[in-house]
Amino acid sequence: MRRLFVILFATLLAVSGSAARADDLTDANRFVCAAAQATLCVEDGECIVDLPWNLNIPEFIEVNLDDKTLATTAASGENRATPIEHLRRSDGMIVFHGFEMGRAFSWVIDEWSGRVSIAIAADGAAVSVFGTCLPGTTGGVTRTQGGTK
């Protein structure tokens with residue numbers, strides 16, 4: 001029964017997310033990506049589908065291809081950054097990957113739609129994330145108790 005629920009939930013998320021369209025990233029070197037759905041699987045075969053932030057995945061990630069970095073937004077308060085080790089743009093796709101803190105990551109972004117697929121692998125576990133990206137950055141906007149500044 002639990003497996004059926006996971007399959008139905010994943011299908012619902014995939015169908016509802018497919019209607020959303022991000023934006024054209026052709027020639028964009030700085031953009032923000034939002035995680036919409038994540039799946040965590042461990043080596044014994046058990047998998048869970050959950051909201052990204054419940055799996056310690058930031059809601060928004062700023063991607064800077066010029067500097068080859070991934071970073072959490074200032075509004076998150078997390079102050080996390082990761083270097084991109086290998087980057088390639090080809091046939092309308094942006095592909096990059098790297099390795100940090102025992103985890104390998106790989107991103108594939110469709111430049112035209114802004115849709116992103118992310119894989120993260122560690123010893124005994126793997127995470128897949130689906131989301132969308134928009135050109136630009138958060139521009140240093142930070143959250144305060146009463147709103148943004």
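Biologist: What is the mean pLDDT of the protein?

Modeller: The mean is 82, and 77% of the residues reach 70 or more. This is a predicted model, where local features need pLDDT of at least 70, side-chain atom pairs count only at pLDDT 80 or more, and totals for chains, interfaces and linings use all residues. Residues are numbered from 1 along each chain as its sequence is written, and side-chain values use heavy atoms, with hydrogens and water left out.

Biologist: What makes C33 and C133 a disulfide?

Modeller: Their sulfur atoms are 2.0 Å apart. A disulfide is a pair of cysteine sulfur atoms within 2.5 Å, so C33 and C133 form one. The link is right-handed, with 100 degrees about the S-S bond.

Biologist: Which parts does the pair of C33 and C133 tie together?

Modeller: C33 lies in strand β1 (residues 30-42) and C133 in strand β10 (residues 125-135), so the pair ties together parts 100 residues apart in sequence. Strands (E, at least two residues) and helices (H or I, at least four) are DSSP runs, numbered from the N terminus. Both cysteines are buried, that is, under 20% relative accessible area; exposed is over 50% and partly exposed is in between (1.4 Å probe, protein chains only).

Biologist: How many disulfides does the structure hold?

Modeller: Two. C41 and C47 also form a disulfide, their sulfur atoms 2.0 Å apart. This link is right-handed, at 115 degrees about the S-S bond. Counting bonded cysteines along the chain, the pattern is 1-4, 2-3.

Biologist: Why is C41 called partly exposed?

Modeller: C41 has 24% relative accessibility, so it counts as partly exposed. C47 is partly exposed too, with a relative accessible area of 27%.

Biologist: Which residues is A126 in contact with, leaving aside its neighbours within four places in sequence?

Modeller: T39, L40, C41, I120 and A121. A126 lies in strand β10. From A126 to L40 is 86 residues in sequence, but 5.9 Å in space, C-alpha to C-alpha. A126 counts as partly exposed because its relative accessibility is 36%.

Biologist: Why is the aromatic pair of F96 and W107 called stacked?

Modeller: Rings of Phe, Tyr and Trp (its six-membered ring) pair if their centres lie within 6.5 Å; planes under 30 degrees apart count as stacked, over 60 as edge-to-face and the rest as tilted. F96 and W107 are 5.1 Å centre to centre, with 25 degrees between the planes. Therefore the pair is stacked. F96 sits in strand β7 and W107 in strand β8, eleven residues apart.

Biologist: Are F96 and W107 buried or exposed?

Modeller: F96 is buried, because its relative accessible area is 0%. W107 has 3%, so W107 is buried as well.

Biologist: What makes the phi of N79 worth a look?

Modeller: Most residues other than glycine have a negative phi. N79 is not a glycine, yet its phi is positive, about 55 degrees. N79 is found in the loop between β4 (69-72) and β5 (81-83). With 76% relative accessibility, N79 counts as exposed.

Biologist: Where is M101 found?

Modeller: M101 is in the loop between β7 (93-100) and β8 (103-110). M101 has a positive phi of about 50 degrees although it is not a glycine. Its relative accessible area is 67%, so M101 is exposed.

Definitions and conventions:
pLDDT = per-residue confidence, 0-100. Contact = heavy atoms within 4.5 Å.
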